[in-house]
Amino acid sequence: MRGTILCWVDDSPHGRAALKASADLSDRLKLRLVLAHVAAGGDGASANGNVVRTRRREGAARLVARLAAELGLSDRAEHRSAVGDPAALLGQIAAEEAADLILVGAPAGGRLRRSSETRLAEHLESATTVPVLFVPPRAGKWRSPRDGAGANVN
């Protein structure tokens, strides 16, 4: 591995679980951590569209900074934000950051969860060759094969 984990951050239980899991994994494996949020947005061709895109990008940057601060990651995790198609831009960020793994929070529950995971996985598959790990909202404990000890990520 080159040493970079990219985590797609959002302010939801599954987004927070992915953030905590990526922080734990990054610590354990001594890998660089990049946190990213992509706000959905249109093409922004008009002047008004550009203002909206700028505000969405600023909001995405604030979200990443706030969530990183809540976990004490502000000084060690790099932050990225963008506006547009989430899968395409996440793939672009993964390429720019030379990511080895992308962590994405998986929404809780049944068919809706599988459906959204499948759509996102399909979109990411066409946008990047980087492996994607879906993290459930209640990721439980990470266990190290070396010591059998777990660190709670909730």
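This is a predicted model: local features need pLDDT of at least 70, side-chain atom pairs count only at pLDDT 80 or more; totals for chains, interfaces and linings use all residues.
**Whole chain**

Start with the protein chain in cartoon view. Trace the chain along its sequence and the pattern reads β-α-β-α-β-α-β-α-β-β-β. Switch to a surface next. The accessible surface comes to about 8400 Å², and carbon and sulfur atoms hold 52% of that. Of the 154 residues, 42% are buried. Now turn to contacts with a separation of 6 or more: 71% of them join residues 24 or more positions apart.

**The largest nonpolar core**

Select L19, L33, L35, L73 and L103. Within the largest nonpolar core, which has 21 residues, these five touch the most other members. Which element gives the largest share? It is α1, with six residues.

Centre on L19. Leaving out residues up to four places away in sequence, L19 touches C7, V9, L35, L67, L71 and L73.

Then pick A87, L89, I102 and V104. They are among the 16 residues of another core, which lies apart from the largest one. In soluble globular proteins, nonpolar side chains tend to be buried together.

**Salt bridges**

The structure holds 10 salt bridges.

E78 lies in strand β3 (residues 77–83) and R32 in strand β2, so the pair ties together parts 46 residues apart in sequence. Both ends are partly exposed: E78 has a relative accessible area of 37%, and R32 has 28%.

Move to helix α2 and select E70 and R66. The closest N and O atoms of this salt bridge are 3.2 Å apart. The two residues are four apart in α2, about one helical turn. E70 is partly exposed at 44% relative accessibility, and R66 is partly exposed at 36%.

Finish with R80 and E97. Their salt bridge brings the closest N and O atoms to 2.7 Å apart. R80 sits in strand β3 and E97 in the loop between α3 (86–96) and β4, 17 residues away. Is E97 buried or exposed? E97 is buried, at 12% relative accessible area. R80 is partly exposed, at 22%.

Through shared partners, salt bridges join R32, E78, R80, E96 and E97 into one network.

Terms used. Residues are numbered from 1 along each chain as its sequence is written. Side-chain values use heavy atoms; hydrogens and water are left out. A nonpolar core is a set of buried Ala, Val, Leu, Ile, Met, Phe, Trp, Tyr and Cys residues joined through side-chain atoms within 4.5 Å. Buried means under 20% relative accessible area, exposed over 50%, partly exposed in between (1.4 Å probe, protein chains only). Contact means heavy atoms within 4.5 Å. Accessible areas come from the Shrake-Rupley method with a 1.4 Å probe; for residues, only the protein chains shown count as cover. A salt bridge is a side-chain nitrogen of Lys or Arg within 4 Å of a carboxyl oxygen of Asp or Glu.
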